[in-house]
Amino acid sequence: MRTAVIQFPGSNCDADALHAARLLLDENAQFVWHTEAGLPQGTDLVFLPGGFSYGDHLRSGAIAARSPIMGAVKAHAERGGFVLGVCNGFQVLTESGLLPGALSRNRELHFMCRPVHLRVENAATAFTRAYEAGQVIEIPIAHGEGNYYADAETIARLEGEGQVVFRYVDNPNGSLNDIAGIVNARGTVLGMMPHPERAVEALLGSEDGQGLFESLKGALITR
């Protein structure tokens, strides 16, 4: 399997993403700079990391969503390839139209960086099969604009079709329906605000993020 971690100007969780990918998924995972026109041959997973791409100018993720590499990321997703967007990566996914909705300023209007508890709402996706439905896990957040919003029709569709994958137990940012992570209709693109790559080793305070990468590895092997 091959994993590509996309780097934008202002990405600051790219090394974390690469470390987690190499540790649990693909020892040859590699960075891909945002100006590249294509992904490495045979890419199975695209990882859009957290950070402050382009300094969050205009809106978080708005400029990154229009970077040259995103054409290849969209084509990869359209072919059914896996895409994981974490924090700023989630914002890029919504800005690029690969996921519905938007991320706005946190309810309290300040940056939040701490562990939170998530409930696994759908354990039948390629990203969550190593978990159990209803399982509560601890994953850290680090964002100023993690307040998920979508219109009522979109929220109803996400809820009705099982696309809400992770939900906050104690909502830290005001996200509608306590939504922390969603997948696309095909279940191949996941966006989430909490950072699973920062919860893959006991040294980091939690190993609860391992399940996401273990789920992906199983999905990629059996695909």
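1. In this predicted model, helix α4 (residues 152-160) has three buried members to consider, namely Thr-154, Ile-155 and Leu-158. Viewed along the axis of α4, these buried residues fall within an arc of 100°, so they line one face of the helix.

2. The face of α4 turned away from that buried side carries exposed residues: Ala-152, Glu-153 and Gly-160. On the buried side, the cover over Thr-154, Ile-155 and Leu-158 includes the strands β8 (147-149), β9 (164-168) and β10 (179-183).

3. The largest nonpolar core comprises 68 residues, and within this core Phe-166 and Leu-212 touch the most other members. In soluble globular proteins, nonpolar side chains tend to be buried together.

4. Which residues is Leu-212 in contact with, once its neighbours within four places in sequence are left aside? They are Leu-84, Phe-127, Tyr-131, Phe-166, Leu-190, Met-192 and Pro-196.

5. The largest pocket has a volume of about 180 Å³. Its lining consists of 16 residues, and those that lie nearest the centre of the pocket are Gly-51, Phe-52, Phe-111, Ala-142 and His-143.

6. Helix α3 (88-95) and strand β7 (136-143) each supply at least two residues of the lining.

Terms used:
Residues numbered from 1 in each chain as written. Predicted model: local features only at pLDDT ≥ 70, side-chain atom pairs only at ≥ 80, totals over all residues. Heavy atoms only, no water. 1 Å grid on protein atoms, 1.4 Å probe; cavity = no way out; pocket = protein on both sides within 12 Å on 5 of 7 lines; lining within 4 Å. Points joined across faces, edges and corners; volume = space filled by probe spheres on them. Helix = DSSP H or I, 4+ residues; strand = E, 2+ residues; numbered from the N terminus. Core = buried A, V, L, I, M, F, W, Y, C linked by side-chain atoms within 4.5 Å. Buried < 20%, exposed > 50% of the residue type's maximum accessible area, 1.4 Å probe, protein only. Contact = heavy atoms within 4.5 Å. Arc of directions from axis to C-beta.
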